[in-house]
Amino acid sequence: MKFVVQLILKRKMLVGMFYAAFILFGIIRAFSIPVSLFPKIDFPRLTVITAYNNASSAEVDNLVTKRISESLGTTQKLERLEAESREGYSFIHLTFKNGTDLALISMEIREKLDFIKDSLPFDTEKPIISKFDPNSKPLMQIAFSSKGRLDQDNLRAFLLENAKFYFDRLDGVALTQIIGGKQKRISIIIDPLKLSAYGVQPEELDHLVKISNKNYPAGQLSVGKKELLIRAVGEFQNLEHLSNLVVSFKPGSGVIKLGDISHLAEEFDEKTGFARLNGKESVLLNIYKEPGKNSVSISEEIKKSLAELEKSLGRDLDFEIIYNESDFIENSISSLLQNLFIGASLAFTILLILMRNVYSPSILILTIPVTLFLSFFVFYTFGIGFNIMSLGGLALGIGLLFDSSNVVLSAIERRIKENEGLENAISDGVAEVFESILTATATSVIVFLPIGFLKSLLGLVFSEMALAISITLIISFFVSCTFVPLIVSVLYKKRNLNSIQSPGIVDVIANNYSTYLNSFLDKPLKTVTTVVILLIISFSLIPHLKYEFFPEIHSGIYNVSISAPAGTNLSLLDETVLQFEKKLKIEYPTEITVTKGGIEKELIKWDSEESSKSNFAEIKLIGHQPNTFKNIKDVVTKIPLKDGYTVLLSEESSGLEKLLFRSGNENSILLLSGMKDTLAYFANSLKFSFKEKVITDFDQISEEYWIDFDQEKMAKFGFTSEAVASFIKIALKGIETSDMNFGNQSLKLMIRMDKSKADTIEKLSFLRLKSPSGDFIPLKEICTIRLTKGEHIIRRFSNLYATKVRVPLGENREHIEKDVKKKIRTNRELFLKKDGDSEDLNESLEEVLIAFLFAASLIFMLLSGIFESYRSATIVMLSIPLIFIGVFPSLFISSMSLNISSFMGFILVIGVVVDNSVLYFEYYHFYLETFKDNKKALLAAGKTIIRPILMNNSTTILGMVPVLFSFSSGSEFQAPLALVVVSGLLSSLLLSLFVIPASIYFLPIEQKKNA
């Protein structure tokens, strides 16, 4: 290494230009790095969504879900199959082994689905394969409402025609999706009496309209020198054209047209949901970005388009941006820059105090931007983007960027103090500590790097954070060995080197430390006993600490969720929701309220939970008022509720929490059985045993009518179950038969009966069906109709039926889970299993723990190899338990929990404290060669390393102070990490400066063989 440094000092201009070039590349590439909320994550999950309109959950389960599940159960690399059957929809959730190529698996799934498509009911829609992708969420969501001359009923159509293209044209926008509002259609409203009179069946109309509303190619005709296409034009041009469609011809009555047996109307689809902005009906616009594009720049372009839209259509439209992903990204970047500036300022201040000159702190501060810009170049090369994880890694690693450079600078200045020439001091100083900083960097990287290559859920999420920290640490090592010598050789030529000789605060601290250490080595028992007692006290606090996987993060967005009994009419739900909206608006007039109720069919392909929200509404309160949660709770609890309605107040989950918990971090377990009746009976008994403290899937039972066919009469008149069911479907809901270009829009053609003809069971039973013989038979003659109850949702786990047992927040899940286990011991038909999210996260935690133990083993092996001694490596590792003396009491006093964030803090602080011990050992061996005396070598080493250790730890701690006391968005996640690092470093620093020398002194070790 000495030769390399000497070469750098000879070719200063070349090395300087080399650094300038790479810094320039880093600055340029920093603007090209994609910016997004989350890193690109390939979760091994797929969902197969199949629509079976108007079917009950039992029918969906038996006819669709069961058959698809059996077919897909043999898919390669499948780890878990979970299925849900809801009214009208089947969802099959497939989880595969990590690293699975989902593109190939999707092809295999499509082949299996094609193989069984003929066994599915004829009116099921084609299954959709949906990939779980956290980046598939909207980049921006905008709520539009009408004003002025624009009618609210025409708002959706107005946006489609006049506003949507403003966003479709933008580079980087992949999809613009309009949610809510009223959609127009053309309804063919048939009269059952006229159908009977003319002898026409609704199914015949469906077939006729479909085949007539098409253009057919009819070949080519040579006309002169030209070949002209011939087309048979059949598409309906207008309502009159459609009305004149000939249905049949009868000798007695002549031509029968569609208009003779029906009337045509332009109307709106039936309302299945509602959306409001500040109490006013609205339409939501979801804008999705293309993968890999810069979220912030696209967001800025969308805002410019909104400004243009306001200028041209502002008299007709009001809008409000209710979600913008780039806001979170910009807050993260702003927080990073703020923490960087504050942390660097604090570190620079402490360095000025300790070093009493401007040159040394300036050099150390200069290494930060150099390291960061070089890191940005590497980020771009390896495809690492700017997101909350990679930026979080940079924010947390800022304090560590000083360490290697500080050790090198301290060694150089110590050589200058010994009256060496500047260039010799630089080359000898770097060579002296090269092995030490290499070992320190290697240990830190070894701790973090395994997380970057984990394939579990946590590994996928936190990999970019680990890689970002590892890359910056490696680059800071190269900067300390090459850039610091270069800049010292330039700046120190202008500096009075005699000023380095004068004693400073660090020298006073070093002398006092040497005195205390000398007396401690003579009488260590008292201090060692104190350390042991502190360790015992710290570990005794573990049972009193709060445990959670994810720290509570305050988003400032509050949700009032209102659930009505299954089957509740949408208008009744809307009435109740309006009461809550009005009351909340009175209490919080300045807050933005966004309300969404019922279901939106367009969203089901993106969110499988959407199909279950027909009796559900949510009021989102967006604002920044203090103590809002408690105030809203007081307001909500005072509003009277109808029987069967429930209200839940919650704070919006953070983006990272939603990413880790598909089901919203719900407190639930999974109960399995091969018999659905057994499962239902046990679930209901649980409700009774725990006095309504648990919620199961069997709690919501929906009422439905069953039609029982008289098979003898069906055979007598020549009817089939399928034909009768199709007739009833047209009478009640109607069927979508085709599309028609109407003006600038493509509208659905719907065949239905007048609602007044079948709005009661009695009227429905008197409707007449045409038999194959031409007779018209009332429905009541061939079937009976009865009211019964059915499940709202049916779950499957592999080949077993399942129900979720949800434990409300505040209840002890472990206690209830133990009681459930006791109850099922005597029932061999029941099994207990943690739900998918909990299982994934438990596996992830186990994998992270194994990786952590593996990293610790690698550190031990690395240290053993460097020191050529197992004993030396063991002594260095003794500094790790000292962390807990500060960490556990600080967590207990601050009421913070042990969670994934604090665990990352343990990893970070372990790397730093091992670095301190390694540096002590390196100088101990260095002075042992000189003094040949164990105690003198220890005292000299302690006096030498006190400066770099003091400055390294103080800069790391001060770098964490802005994170610890930050009040920016998402700071709650990083605060436990920062607390662990600060408290762990303080305790380990103070104690290891005595424990490590004592261990070396009383457990003599061999001199390093390569020393």
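First, the ground rules. The model is predicted, so local features need pLDDT of at least 70 and side-chain atom pairs count only at pLDDT 80 or more, while totals for chains, interfaces and linings use all residues. Residues are numbered from 1 along each chain as its sequence is written, and side-chain values use heavy atoms, with hydrogens and water left out.

Now the whole protein. There are 35 helices and 32 strands. Both are DSSP runs, numbered from the N terminus: helices are H or I with at least four residues, strands are E with at least two. The protein has 1011 residues, and 53% of them count as buried. Buried means under 20% relative accessible area, with a 1.4 Å probe and protein chains only. Next, contacts, meaning heavy atoms within 4.5 Å. Take those with a separation of 6 or more: 79% come from residues 24 or more positions apart.

Next, Glu704. It sits in strand β23, residues 701–709. Is Glu704 buried or exposed? Glu704 is buried, because its relative accessible area is 18%. Its side chain makes a polar contact of 2.7 Å with the side chain of Trp706. A polar contact is a pair of N or O atoms within 3.5 Å; within protein, one must be able to donate a hydrogen and the other to accept it, and residues adjacent in sequence count only if both atoms are side-chain atoms. Beyond four places in sequence, Glu704 touches Ser56, Arg786, Leu787, Thr788 and Gly790. Look at Arg786: it is 82 residues from Glu704 along the chain, yet their C-alpha atoms are 8.5 Å apart.

On to Thr124. This one is in the loop between α4 (102–116) and β4 (128–131). Thr124 is buried too, at 16% relative accessible area. Its side chain reaches the backbone oxygen of Pro121 at 2.7 Å. Outside four places in sequence, its contacts are Thr50, Ala51, Tyr52 and Val64.

Last, a helix pair. Helix α2 is residues 12–30, helix α13 is residues 359–382, and their axes come within 7 Å, crossing at roughly 60 degrees. Axes are lines fitted to C-alpha atoms, for helices over the stretch in contact, and angles run from 0 to 180 degrees between N-to-C directions. Which residues of α2 and α13 meet? From α2, they include Tyr19, Phe22 and Ile23; from α13, Val370, Phe373 and Leu374 are among them.

Note on methods. Buried < 20%, exposed > 50% of the residue type's maximum accessible area, 1.4 Å probe, protein only.
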